[in-house]
Amino acid sequence: MVANQTSPKGKAGKDLVALPEIPEKQYFSISEASLLCGVKAHVLRYWEQEFPQLNPLKRKGNRRYYQRHDLLLARQIRSLLYGEGYTIHGARERLQSLRSETGQGHAVSSAQLELEMEDNASAGRLTAGKRLIYLRTELAALIKICAGKH
């Protein structure tokens, strides 16, 4: 689906625009993030206040730099609010429940967010490549945890 085509309406009744693929970059400006997440920059700044998990890096002059996991989280928030019709409060609770499901309050991994977004978008099966990416990401996180304990 091309970025300017609309998908079927979400539960909230709004037309949801198909989001572009996230490029392989480490940091994104707020203008890039707003394009990749399908919302305006002021909406992202507002979500930062409402969702403590959305916390981009801030550098000189209070400039925001979003990482891939921030973009995935913002897309998840967009999906909950615009697609599924959650309120801000309801979306915040849903994200917190996802966080507690991952165990001991650890943040939801970007790979897990990406998988859940795909599951919400389509009930289709994951390809072998996506499963491998997910497993590789999870293994890397476990290695970092184990390396930090020794």
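Mentor: Start with the surface. The protein exposes about 9800 Å², and carbon and sulfur atoms supply 54% of that area. Keep in mind that this is a predicted model.

Now the outline. The protein has 6 helices and 4 strands. Along the sequence they follow the pattern β-β-α-α-β-β-α-α-α-α. Of the 150 residues, 29% are buried. Take the contacts with a separation of 6 or more: residues 24 or more positions apart account for 50% of them.

Go inside next. In soluble globular proteins, nonpolar side chains tend to be buried together. Here, the largest nonpolar core holds 23 residues. The members that touch the most other members are Leu44, Trp47, Leu54, Tyr66, Leu71 and Ile77. The largest share comes from α3, with 7 residues.

Stop at Trp47. Set aside residues up to four places away in sequence. Trp47 then touches Val39, Leu54, Ala74, Ile77, Arg78, Leu81, Tyr82 and Ile88.

Look now at how two of the contributing helices meet. Two packed helices are described by the angle between their axes and the distance between the axes. The axes of α1 and α2 come within 8 Å and cross at roughly 95 degrees. Angles of 65 to 115 degrees count as roughly perpendicular, so α1 and α2 are roughly perpendicular to each other. On the α1 side, the contact is made by Ile30, Ala33 and Ser34. On the α2 side, Ala41, Leu44 and Arg45 make it. By class, this contact has 4 nonpolar, 1 polar and 1 charged residues.

Finish with Ser29. Its place is in the loop between β2 (15-17) and α1. Is Ser29 buried or exposed? Buried means under 20% relative accessible area. Ser29 has a relative accessible area of 16%, so Ser29 is buried. Leaving out residues up to four places away in sequence, Ser29 touches Arg64 and Tyr66.

Methods
Residues are numbered from 1 along each chain as its sequence is written. This is a predicted model: local features need pLDDT of at least 70, side-chain atom pairs count only at pLDDT 80 or more; totals for chains, interfaces and linings use all residues. Side-chain values use heavy atoms; hydrogens and water are left out. Helices (H or I, at least four residues) and strands (E, at least two) are DSSP runs, numbered from the N terminus. Buried means under 20% relative accessible area, exposed over 50%, partly exposed in between (1.4 Å probe, protein chains only). Contact means heavy atoms within 4.5 Å. Accessible areas come from the Shrake-Rupley method with a 1.4 Å probe; for residues, only the protein chains shown count as cover. A nonpolar core is a set of buried Ala, Val, Leu, Ile, Met, Phe, Trp, Tyr and Cys residues joined through side-chain atoms within 4.5 Å. Axes are lines fitted to C-alpha atoms, for helices over the stretch in contact, and angles run from 0 to 180 degrees between N-to-C directions. Angles under 35 degrees count as roughly parallel, over 145 as roughly antiparallel, 65 to 115 as roughly perpendicular and the rest as oblique. Ala, Val, Leu, Ile, Met, Phe, Trp, Tyr, Cys and Pro count as nonpolar, Asp, Glu, Lys and Arg as charged, and the others, Gly among them, as polar.
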